[in-house]
Amino acid sequence: MPRIDLNLSALARERLSLQSLEAEQRGVELDLTAKQAALDAAQRAGESPNVTGVLREAVAQAALARQHLTDRRRGMSADIDGLANGLLRELDPAQLVESMDGGQPIALLPMRLETRYFPPGQPDSLRVRVYPDDLNTIEHTNALTSDELQRGMDHWQARFRGDEDDAARLSRDLALVFGRGRAAWVIRATTPDNFDGLGQEGAVPRFPDVQTISAKAKETRAVLLPDRWCAIGYAAGRREVFRVWGKRIPDELLLSPDWLNAGTPEPLLGGERAWLVDFDAAVEKGMALTISQHHARAFDLATGTLERLVVVGLEWTKDPATSAQELADLLAAQRDSHGLGFVPLGTPTNNTETTPAGYSPSQERTAPATVAENALLPKQK
């Protein structure tokens, strides 16, 4: 069938606006953490109530500004969802698949499924939960904390003064604290602008101007998810008995608590994160589906045998160039956090009495690549 052309310009504009807002929020969060640190220091020093009162008001104002941006960010995300859902008013999801360019490669990423017949005992529906794989989960943040910045600068200062042993020790310490991938990124992000002067007599590192963030501002999130999931059930003889589409999935799903919420904190897994533990919330976020009896064609969910369940999702709200860039960013983030690589054929996946698995957490604590190798990689996006 001929390819369907979709006008994605409005979606692209909204996503760019959201990125600008996120950058603005990072600046506000930096201001909030700085003011909170000043208040904490004043309280430890036993400053007068007048001093601490002024600082407390400054923290409250910064927290209010952050909450305002958080609300705007949530509203923009809802607008993006609305534009994406608007495509469905004209076309069926199965037809929207035809909008994808058949001349472009498709990346198939794994997911984890959980299923349950409900209610127990006399089920009349099948519940399906979808969880992002580790590959879709980003813990890396393209910003340094003050501790990371100082450790990275210490490493380079040791290198410039020719103290290789101390530089190696600092590199190992970085890996022990932050993991091998993040340690390599810290060293790369703090690479002096005069790197070519390394080894020259009397040279001292000239560090780039780097803005830091609070460790509390870091977020773990799931990205590069499809627009929505489709659950397809097969009975004996490969007979399709149902095909159910889920709701729109946000561009990002939050996985970590909001540690900077100083106002009326929601539960650790409440609000935007409730989908992780609440089935109905997961349905609203597109990460769960309910297959009821009315979805099944000539098939009894309570007594029939479902031989195969396939859950697949595709992203049709982004053009190939945008998707390719986001995939590259995702892989780079994986490289700079827990690491990224290909598993050799025949690598054991489980520990046995005779053979250990091919992966050990201790690998994340080894020193990162040498400075020369590390500096060849891009500093940061």
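**Close-up views of a predicted model**

**View 1. Phe-242 and Ile-291 in the largest nonpolar core.** The largest nonpolar core of this predicted model has 28 residues, and Phe-242 and Ile-291 are those with the most contacts inside it. A nonpolar core is here a set of buried Ala, Val, Leu, Ile, Met, Phe, Trp, Tyr and Cys residues joined through side-chain atoms within 4.5 Å, where buried means under 20% relative accessible area, exposed means over 50%, and partly exposed lies in between (1.4 Å probe, protein chains only). At least two residues of this core are supplied by each of β2 (125-132), β7 (228-235), β8 (239-245), α7 (279-284) and β10 (288-292), and the largest share, 4 residues, comes from β2. The helices (H or I, at least four residues) and strands (E, at least two) are DSSP runs, numbered from the N terminus. Residues are numbered from 1 along each chain as its sequence is written. Because the model is predicted, local features need pLDDT of at least 70 and side-chain atom pairs count only at pLDDT 80 or more, while totals for chains, interfaces and linings use all residues; side-chain values use heavy atoms, with hydrogens and water left out.

**View 2. The surroundings of Phe-242.** When residues up to four places away in sequence are not counted, Phe-242 touches Leu-126, Ala-231, Ile-232, Gly-233, Ile-291, His-295, Ala-296, Leu-301, Leu-306 and Leu-309, a contact being heavy atoms within 4.5 Å.

View 3. The strands β7 and β8 run antiparallel and are joined by 6 bridges; two strands are said to pair if DSSP finds at least two bridges between them. Ala-231 stands opposite Val-244 in β8. Between the two strands of this hairpin there are 3 residues, and Gly-237 in the turn has a positive phi of about 75°.

**View 4. The open sheet β1-β2-β10.** Three strands, in the order β1-β2-β10 and with antiparallel pairing, make up an open sheet. Its edge strands are β1 (111-118) and β10, each of which pairs on one side only. The antiparallel pairing of β1 and β2 extends over 8 bridges, and the bridge partner of Met-111 is Pro-132 in β2.

**View 5. The salt bridge of Asp-147 and Arg-151.** Asp-147 forms a salt bridge with Arg-151, and their closest N and O atoms are 3.2 Å apart; a salt bridge is a side-chain nitrogen of Lys or Arg within 4 Å of a carboxyl oxygen of Asp or Glu. Because they are 4 residues apart in helix α4 (residues 146-160), the two are separated by about one helical turn. Asp-147 is partly exposed at a relative accessible area of 36%, and Arg-151 is partly exposed as well, at 27%. By this rule the count comes to 29 salt bridges.

**View 6. The salt bridge of Asp-166 and Arg-161.** The side chains of Asp-166 and Arg-161 meet in a salt bridge of 2.8 Å, taken from N to O. Asp-166 counts as buried, at 16% relative accessibility, whereas Arg-161 is exposed, with a relative accessible area of 52%.

**View 7. The salt bridge of Arg-243 and Glu-240.** In the salt bridge that Arg-243 forms with Glu-240, the closest N and O atoms are 2.9 Å apart. Arg-243 is partly exposed, with a relative accessible area of 41%, and Glu-240 is partly exposed, with 22%.
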